[in-house]
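Keep the model open beside the text.

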Amino acid sequence: MRAHLNDLGTSAEVASKVGVSSSAIRALTTDSDKNPWQAPGLEICVALDAFLVGDGRPAALTALREALDDAVSILDGARSVRRSFERARDRADHLNSPLTAEIADYLRALHEALGSALPWHPPGGIDAAFEDRKVRVFHEINADTALNGQVHSYRRGVVEGETDWASSLGSIRLAVVLGDAGYGKTWSLRRHARLLCERGLAALEAGAPPCDVEIPLWLHCADLGEEWRAGSAPAEALLDAAMLVVRGHSERRTRGVRMLLADRLSEGSGAGVHLLLDAYDEVFDDNGRECLDQALGWIGRSVRVDTVLNVVLTSRSVGFVCPFLRGSGGAPDHAERVAPRYLLLGALRQPQVIHLWHRWFALKDLPFPEERLTRLLTADSPLREYVRVPLIAAFCAWVAEREEVGDSRAALFEQVVQRFVELGWKQGDRAPHGDATRQDPARQISVRKALEQLAWVMATTGNRWRDAVSVEECDRCLSDGGLPLPSGRSRTDALVRVHGVLLYLGAFGAAPATGPWVSGPLVVWVHPVVHQYLVAFRLLQLPGAELDQWLSDALLRPEWSETIVFAMELESGPEPGEDHG
């Protein structure tokens, strides 16, 4: 090539004759370590061949270039086939690897554990009647913002959401979700975790290696506080608390998953870890709260712009003080920490309430009671805004299965309590269908009296209001209230698993209604307002002088405020049990 070109003249002369740049001609004769020779493009080959033919010389560059292009195309095709084979082989290796199987089993177990609904809900788990939610996002939070301008929830208007839950969380690394009881914080977080599980399983099925799969960890704050108190290393305490929720669901050991997650948490590298922390407000003892705050302080310091950790914490708005910057340890001083963002969970929109009700009755295969429910949304309905709270909307649907819904909160919750009382032998009871206990009024009375006894003890013992009690104390209260011991389970477990009016605190609250009896350390009410209503009902049964004494004391205690409102409604409304039509 060089000899032929030299015969034609200098690079500049040849370039001028051929009609290309001199640098293109020089490149044809250059071959060194710094500038290795490269085959000329087809356009230059065609130009050179045309010049050579015109000068009476042999020309074959164009044919050689086309042959080279054909060879390169064949080679590229072979490489593509090889890459496809390697990807298929890698996918098969990943799918068959023990760690992939273990991660998939963990994700399926978590998905199952977080999908169970309460005994009185429609079949199909939490997804069956779930409504997507909107939130309001704040960079800072204060008491007035968090409480929507009112300390007492019965005076607060419902919170209006602005942006979708999913899109809001997608851009926030450290999120705090706030809302009153019944707004669906736990269900929204569980739904979020289940979607992350589905996404992780899809990635594994598509052949993604375990190191590239994002993994959610779902923890109840009470469990995290207890594990932190035990003195384990931070990452181990998180993983110990997170594995509680899949205990009894997972068929495989979780050692490989734990090692993978521990590496991600300690090194801050790899695919994302989603730390989903539920119910900050449900840690009631001072030592547990102190340990929890230390844990959340460490977590808050560990969420940095250069790490893989994403965190969502839920809490009631009342009394909330952000814990993420407390405690010690965590990120080094030079790392850029992420500031928390606060999401106020919005109520359901009216069309969502209607959709939830229709879905409720469709899932239960019951006719939709149009008159009983739609009147609750009219302009003059006292419950028009209240039913936009998801749990209240569900309570109304449940009551409307058999009767008109009451016109006040007190009337509604009397009906709700009665439905809980009856649930044990209307569905899910172990007695055979022909057993007389299924319709035994005396048994209904004993359950009601026992619930009133438990509510009163939790509100008055030690001159303080308690939102949770131990299983042992709960059993004693129910026994003192006259509840007979059911066959095969404790009194508390019957009210949790069969009636659904009580819940086990922590990971045990996500346990299915069937299966072996595994109880948690503490018990809470399904909704605080059920507790408050029962206390108000019991309060009004006291003799006049004793009632006056309790009222004079309760009026000075903020935690009794909603109970007093209930008592006033009960005094001014119809007697419980009267027709609400």
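The questions and answers below go from a sheet to charged pairs.

This is a predicted model, where local features need pLDDT of at least 70, side-chain atom pairs count only at pLDDT 80 or more, and totals for chains, interfaces and linings use all residues. Residues are numbered from 1 along each chain as its sequence is written, and side-chain values use heavy atoms, with hydrogens and water left out.

Q: In what order do the strands of the open sheet of three strands lie?
A: Strands are DSSP runs (E, at least two residues), helices likewise (H or I, at least four), numbered from the N terminus. Two strands pair if DSSP finds at least two bridges between them. E8 (468–470) and E9 (502–504) each have a single partner strand, so they stand at the edges. Pairing is antiparallel, and the order is E8-E10-E9.

Q: Which residue in E10 stands opposite Tyr504?
A: E9 and E10 (residues 522–525) pair in the antiparallel sense over three bridges. Opposite Tyr504 stands Val523.

Q: Is Arg65 buried or exposed?
A: Arg65 meets Asp69 in a salt bridge (2.6 Å, N to O); the term needs a side-chain nitrogen of Lys or Arg within 4 Å of a carboxyl oxygen of Asp or Glu. Buried means under 20% relative accessible area, exposed over 50%, partly exposed in between (1.4 Å probe, protein chains only). Asp69 is partly exposed at 30%. At 18%, Arg65 counts as buried.

Q: How many residues apart in sequence are the parts that Asp407 and Arg375 tie together?
A: The closest N and O atoms of this salt bridge are 2.8 Å apart. Asp407 lies in the loop between H16 (390–400) and H17 (409–426), and Arg375 in the loop between H15 (370–374) and H16, so the pair ties together parts separated in sequence by 32 residues.
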